[in-house]
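Please open the model in a viewer and keep the selection panel at hand.

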Amino acid sequence: MLKSVVRAVGAAVRLSSATPAAAHRALPLSCPARCSPSSAATRPFTRSLWMLSNNGASSGYRPKLFSSKVLSPSVSCGCGGLHTEGDKAFGDFLSDEIKEERKIQKSKTLPKMSGGWELEMNGTELKLSRTVSGEKVAVTFNINNSIPPDFEEEAEQGQQKSAEEEPEIMSTPNFVVEVTKQAAKHSLVFDCHFPEDEMSHGEGEEESDVFAIREVSFQPEGDSDWKETSYTLNTDSLDWALYDHLMDFLADRGVDNTFADELTELSTAIEHQEYIKFLEDLQGFVKCN
């Protein structure tokens, strides 16, 4: 339910403005401070297939590959599409990019979620669900725009890092948790996200929260859209005691730091699979295969 609730707010916050680069995928990103290679699946930072110099699109620089003189098209393909020397160079580049991404792909199988969660996939949208003592718990998220552009400013400023210092790409999507009790007409819904920095609400805490609750609301059971007419509690100015009880409520139902780390690992693996598939489809489109 609420498959559209990974809302425009989350999408706008994570809107990728990834700048182009030369050899690999260039998502000038970093893992949030809370993340570590041991807590979630990651892959080495790579560059975008669009940017061919240190200057990004925002600087007004146009890559040489696309600013070269216009070449006469060749229509040797039976598809009836336009084919140029630029298309050939583009296709060759994509072939190399796909090979590089396959090299760093850790596994073709998706990581498993502990806790008895069942996974449903509908394109880039995923749903994890389980039943706890009669209560239904569903977590919905979308991998689109799930990689935060944390290092975009550094890339635009031309700061270079060695291969060892390059950040690792991680998918940290917004997600919605829906808790439904038997005989209840409404579900308690939590709009959650991964903050850039670790969150801590008290002194002496050994472990910070991996994720944060942004909003809480009661929504009609079975409704796929978040009704703006329902009262929504924003946690920005919420009393910390009430906030902690809400977090404990989720933890008792299996949505805790371990779950959040595993969700990140799963989302990262799926996002990488989809990226490789997109490159393959793009290559086929350019070459008219």
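**The sheet and its surroundings**

Begin by selecting the seven strands that make up an open sheet, ordered 2-3-4-6-7-8-9 with antiparallel pairing. Strands here are DSSP runs of E with at least two residues, helices are runs of H or I with at least four residues, and both are numbered from the N terminus. Two strands count as paired if DSSP finds at least two bridges between them. At the edges are strand 2 (118-122) and strand 9 (232-234), each of which pairs on one side only. From one strand to the next, the twist averages 20°.

This is a predicted model, in which local features need pLDDT of at least 70 and side-chain atom pairs count only at pLDDT 80 or more, while totals for chains, interfaces and linings use all residues. Residues are numbered from 1 along each chain as its sequence is written, and side-chain values use heavy atoms, with hydrogens and water left out.

Next, select strand 7 (residues 186-193). Seven of its eight residues are buried, that is, under 20% relative accessible area with a 1.4 Å probe, protein chains only (exposed is over 50%, partly exposed in between).

Now show strand 8 (residues 212-220), which runs antiparallel to strand 7 and is joined to it by eight bridges. Here Pro220 in strand 8 stands opposite His186.

Helix 5 lies across strand 6, strand 7, strand 8 and strand 9, at about 70° to strand 8. Helix 6 (residues 257-287) packs on the sheet and touches strand 2, strand 3 (125-132), strand 4 (135-142) and strand 6, its direction making about 40° with that of strand 4. Contact means heavy atoms within 4.5 Å. Axes are lines fitted to C-alpha atoms, for helices over the stretch in contact, and angles run from 0 to 180 degrees between N-to-C directions.

Finally, colour the chain by pLDDT, the predictor's confidence in each residue, from 0 to 100. The chain has a mean pLDDT of 74, with 61% of its residues at 70 or more. Over residues 1-72 the pLDDT is below 50, and this stretch has 198 contacts in the model beyond near neighbours in sequence.
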